Amino acid sequence: SSGINAEYGELFTEGLIAVVKPAIQTVDGQVQSLRFTQLKLKESIDKLTVDLDQITSLQRELPNLEHYVKKLTSIKRRVATVNNVLTNVQDRVSGLQGRVEREQAKKRTLLNATVS
């Protein structure tokens, strides 16, 4: 009896590993990909830092760009607001579409019941 239980336990363990192993491999691959992406992001940030340092040193000779940066920030906020409004509209349209489809299905059911 204990030999059968051990055999079932071993089979269960093998089955569990067979199920979990692909998920673990997928997660591992995604983590490796994320680490690579993070490394590339770090390299890009480092390059941007160098570029910004160069711009800062040149800025003494350039006109003040702060006014334009404020305008861009304002535009960015407005774009985000519009995006939020569009998302809300899309959600409402989807909800309405679902209600219309349910209403049409009810009408078809009533029509079929009446015709039959």
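Begin the tour by selecting Lys-47, which is exposed because its relative accessible area is 53%, where exposed means over 50%, buried under 20% and partly exposed in between, all with a 1.4 Å probe and protein chains only. Before going further, note that this is a predicted model, in which local features need pLDDT of at least 70 and side-chain atom pairs count only at pLDDT 80 or more, while totals for chains, interfaces and linings use all residues. Residues are numbered from 1 along each chain as its sequence is written, and side-chain values use heavy atoms, with hydrogens and water left out.

Asp-51, at 27% relative accessibility, is partly exposed.

Next select Lys-42 and Asp-46, whose side chains meet in a salt bridge at 2.9 Å, N to O. This pair is also in helix H1, four residues apart, which means a separation of about one helical turn. Lys-42 is partly exposed at 48% relative accessibility, and Asp-46 is partly exposed as well, with a relative accessible area of 36%.

**Across to helix H2**

Move to Glu-66 and Lys-70, which form a salt bridge with closest N and O atoms 3.5 Å apart. Both residues lie in helix H2 (residues 66-115), four residues apart, or about one turn of the helix. Lys-70 is exposed, with a relative accessible area of 54%, whereas Glu-66 is partly exposed at 45%. By the rule given above, the count comes to four salt bridges.

Now select Lys-71, also placed in helix H2 and partly exposed, with a relative accessible area of 45%. How far is the C-alpha atom of Lys-71 from that of Leu-11? The two C-alpha atoms are separated by 66 Å, for residues that stand 60 apart along the chain.

**A nonpolar patch**

Select Phe-12, Leu-16, Val-19, Val-20 and Ile-24 together, and show their surface: these residues form a nonpolar patch with about 500 Å² of accessible area together. Patch members have over 30% relative accessible area and no salt bridge, with nonpolar side chains (Val, Leu, Ile, Met, Phe, Trp, Tyr) joined within 5 Å and like charges within 9 Å, and the areas come from the Shrake-Rupley method with a 1.4 Å probe, only the protein chains shown counting as cover for residues. Phe-12 lies in helix H1 (residues 2-59) and is exposed, with a relative accessible area of 59%.

**The whole chain**

Finally, zoom out until the whole protein is in view, where the secondary structure comes to two helices and zero strands. The radius of gyration is 30 Å, well over the 13 Å that the globule rule gives for 116 residues, so the protein is more spread out than a compact globule; the radius is taken over C-alpha atoms, and the rule is 2.2 Å times the number of residues to the power 0.38. Along its principal axes the C-alpha trace spans about 85 × 65 × 15 Å, and 1% of the 116 residues count as buried.
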